[in-house]
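Keep the viewer open as you read.

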Amino acid sequence: MKKTSLLVSTVLFLFAGLANAHGPVRAKMTATITVDAPVAKVWDLIKNYDDMSWHPGIKSVKGDGTNNKGAIRVLTLANGTITEELKAYDAAKFSYKYKITDMSSTGTIKHAGQDEPLPVLPVGNYAAELSVNDKGGKAEIEWVATYYRAYVNNNPPAELNEETADKAVSNVLKTGLEAIAKKVGSGSAAVEIDIKR
């Protein structure tokens, strides 16, 4: 009996250790808001890939002025820059997809004996889609982001773990959608956020 109990305890201990030591897991965050405005009005605000003046977190955007696949935009934030590539654009479906290709860092931290950079957005392999759909004369804006935490090895520091990544991405999506709602005259609408791993 003691051997069985010891074996079960050992297995549970090892399982708990493995669960806590896993590498990054892909997250999918979906943020939606429904605004009392026609789809065309919302799309007109966000349709230009190199214009994010509607987002309060973006200080400026530098791009080539096109909505063609492969177009690059560089976002300047308060604490650094993010470079993104347009992966798909569909004006008929009021949507576009993009991916982060480069980010500046805000500094470094020491973790596990190494200097780890702190990226502007604490994520890795980030891709997103922004779209607008008609919901009975109202516009449903959906912003879907997929990403990993910034730290690729096991046992991430707090600054680069899943919780920090989720909080940062949620802030980007929520403040952006709230700003769109305000600009199209539907400022009291609520943002719904769902995350899956």
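Mean pLDDT for the chain is 90, with 89% of residues at 70 or more; pLDDT is the predictor's confidence in each residue, from 0 to 100. Contact here means heavy atoms within 4.5 Å.

This is a predicted model, so local features need pLDDT of at least 70 and side-chain atom pairs count only at pLDDT 80 or more, while totals for chains, interfaces and linings use all residues. Residues are numbered from 1 along each chain as its sequence is written, and side-chain values use heavy atoms, leaving out hydrogens and water.

## The sheet

Eight strands make an open, antiparallel sheet, ordered β2-β3-β4-β5-β8-β9-β1-β10. At the edges sit β2 (60–63) and β10 (192–196), each pairing on one side only. On average, neighbouring strands are turned by 20° against each other, direction ignored. A few ground rules: strands (E, at least two residues) and helices (H or I, at least four) are DSSP runs numbered from the N terminus, and two strands pair if DSSP finds at least two bridges between them.

For a close-up, look at β3 (residues 72–77) and β4 (residues 80–90), antiparallel and joined by six bridges. Leucine 77 faces glycine 80 of β4 there.

## Helices on the sheet

Helix α2 (residues 39–46) lies across β1 (27–35), β4, β5, β8 (123–135) and β9 (138–149), at about 150° to β8. Helix α3 (residues 162–183) also packs on the sheet: it touches β1, β8, β9 and β10, and its direction makes about 160° with that of β9. Axes are lines fitted to C-alpha atoms, for helices over the stretch in contact, with angles from 0 to 180 degrees between N-to-C directions.

The largest nonpolar core has 44 residues, and Val35, Val42, Tyr126, Ile141, Trp143 and Tyr147 touch the most other members. Such a core is a set of buried Ala, Val, Leu, Ile, Met, Phe, Trp, Tyr and Cys residues joined through side-chain atoms within 4.5 Å. α3 gives the most, with seven residues. Beyond four places in sequence, tyrosine 126 touches residues including Tyr98, Ile100, Tyr147 and Leu173.

What about serine 95, buried or exposed? Serine 95, in strand β5 (residues 95–103), is buried because its relative accessible area is 10%; buried means under 20% (1.4 Å probe, protein chains only). Leaving aside neighbours within four places, its contacts include Trp43, Tyr89 and Glu129.

Key. Buried < 20%, exposed > 50% of the residue type's maximum accessible area, 1.4 Å probe, protein only.
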